[in-house]
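The structure is shown first, and the description follows.

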Amino acid sequence: MKRKLFNRRTFLKKSSMGIAGTAGLSAVGAGSLYCNTAKSADTPAIRGGKPVRTKGFPSWPIYDDTDVKMYLDAFHSKKWCRLGSTRVDEFEKKYAELMGVPYVTATNGGTMALYASLASLGVGPGDEVLVPPYTFVATINVVPVLFALPVFVDTDPETLKIDADKIEERITEHTRAIIPVHIGGGACDMDKIMAIAKKHDIAVVEDACQAWLGEWRNKKLGALGDTGCFSFQASKNINCGEGGAIIGSDKNLMELCRSFTNNGRAPKEKRATFFGNPYPGLNHRMTEFQGAILLGQIRRLEEQQELRNKNGEYLAGLLKDIPGISEIKMYEGQTRNGYHLFMMLYDKKLFNGLPKAKFAQAMRAEGIPVSTGYTPLNKQDFIEYHLNMRGFKSAFSKERLNKYRRENHCPANDYVCAETALWMGQTVLLGTKKDMEDIAEAAAKIQKHSGKLL
Ligand SMILES: Cc1ncc(COP(=O)(O)O)c(C=O)c1O
């Protein structure tokens, strides 16, 4: 493995020896041409050298003529809304089978899946919901719009998930729910989280918006909590532009969730009249177009995930040869990774003090799309904005809001955001073995030259 990874470097070593050996014998012009080529390939692209890759990674989304036909069939059917049609119903059925749960409600996005879950659990003014600070902002947004407080629990710096050992110290008499986020597709420590939730009688809303097909002890992520929420937004491993789903096993709760996304209508079999709207609700329905696209996309989900997992494991193995950059750790109970992101931990000490943002920039110059990742959500302006809203001031005492402000610190998360966390998106993992070797080769190249890149 090492040999393959350092092929290019071995070649460079050999070729520069060749250059030295022939310099005295051959014409000066030929010698300097070799020299330039070798220098160019060994110089970081950010310093004007030749990048490891000029070719892109697989483009996204992937579709074929059948997908197009399925979409057009929805169009020609003239049934564009799911009410009175079948495509979204059919997708829900397939998704329920895949997730191993009895109930699925499709929504118009993952955000709305989270929002409908919390609302259906009765989360409201004065309540507190435990959330991680290392996630996409939607996980948090859904809490204060219900006039509840998002209480941040610090991040486990090894896994980038909520630190389950820090949950209990954040629970109060007002805590109603916890949102563990399986960020990047890897599982949170669900044994600990479920045990704490049971002990304190708080609901678990899994944010599995990045974790389709991921598993905890052979059960699908999203199927362990009271509800599991998924996103099918454009960047996601199964995508219909915008879309989402709530999954669950509790009949009554899932009935409320469905109703919440359907203007509060009662389920068909319970409707006294067609316009019976006994529950709270808005319209967050999925359209038949989204249903048609998802029915096409779901055909490839398993095969594509298998490839992501194979490549993810291979890449993680290659990175073991490069001290200072590694895949994040996974908890012992994770039986399958739902890879949406390939998340890494960076140690600048082993890169001559090169900051992670500079490393990411240098990798991008080599043709490897490395992101510096999320920024600390607990410090974003929207938190203070909500705390100053009239609704918040009437739902919470001044003392409670000030206590919240005082306690809103996540030092481990600040550290990972600033220093260690990096990731690449899922399409990278749909590449070839050689693509994974290019990633490791680029990281090794940057490490070799890191002292000069400061
Ligand atoms: C972790 C996480 N939660 C929630 C969401 C929200 O999903 P959507 O964009 O479908 O509303 C996303 C999607 O971007 C996400 O990545």
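## The second largest pocket

In this predicted model, the second largest pocket holds about 390 Å³ of space. Its lining is made up of 25 residues, and those closest to the centre of the pocket are Phe-136, Gln-210, Gln-233, Ser-235 and Lys-236.

Among the elements of the model, α6 and α7 each supply at least two residues of this lining, and α6 gives the most, with three residues. When the lining of the second largest pocket is divided by class, 14 of its residues are polar, eight are nonpolar and three are charged.

## The ligand and its shell

The second largest pocket is also the space taken by the ligand. Two elements give two or more residues to the shell around the ligand, namely α6, which spans 110–120, and α7, which spans 138–141; of these, α6 gives the most to the shell, with three residues.

There are 17 residues around the ligand, and the ones that come nearest are Gly-110, Thr-111, Asp-207, Ser-231 and Lys-236. By class, this shell comprises nine polar, six nonpolar and two charged residues.

## Polar atoms facing the ligand

## The largest pocket

The space in the largest pocket amounts to about 690 Å³. Of the 27 residues that line the largest pocket, Arg-82, Glu-92, Arg-258, Pro-267 and Lys-268 are the closest to its centre. The elements that contribute two or more residues to this lining are α5 (87–99), β1 (103–107) and α9 (251–260).

The largest share of the lining of the largest pocket comes from α9, which provides five residues. Divided by class, the lining of the largest pocket contains eleven charged, ten nonpolar and six polar residues, whereas the lining of the second largest pocket has three charged, eight nonpolar and 14 polar residues.

Terms used
Residues numbered from 1 in each chain as written. Predicted model: local features only at pLDDT ≥ 70, side-chain atom pairs only at ≥ 80, totals over all residues. Heavy atoms only, no water. Near = heavy atom within 4 Å. 1 Å grid on protein atoms, 1.4 Å probe; cavity = no way out; pocket = protein on both sides within 12 Å on 5 of 7 lines; lining within 4 Å. Sits in = over half its atoms within 2 Å of the grid points. Helix = DSSP H or I, 4+ residues; strand = E, 2+ residues; numbered from the N terminus. Nonpolar A, V, L, I, M, F, W, Y, C, P; charged D, E, K, R; others polar. Points joined across faces, edges and corners; volume = space filled by probe spheres on them.
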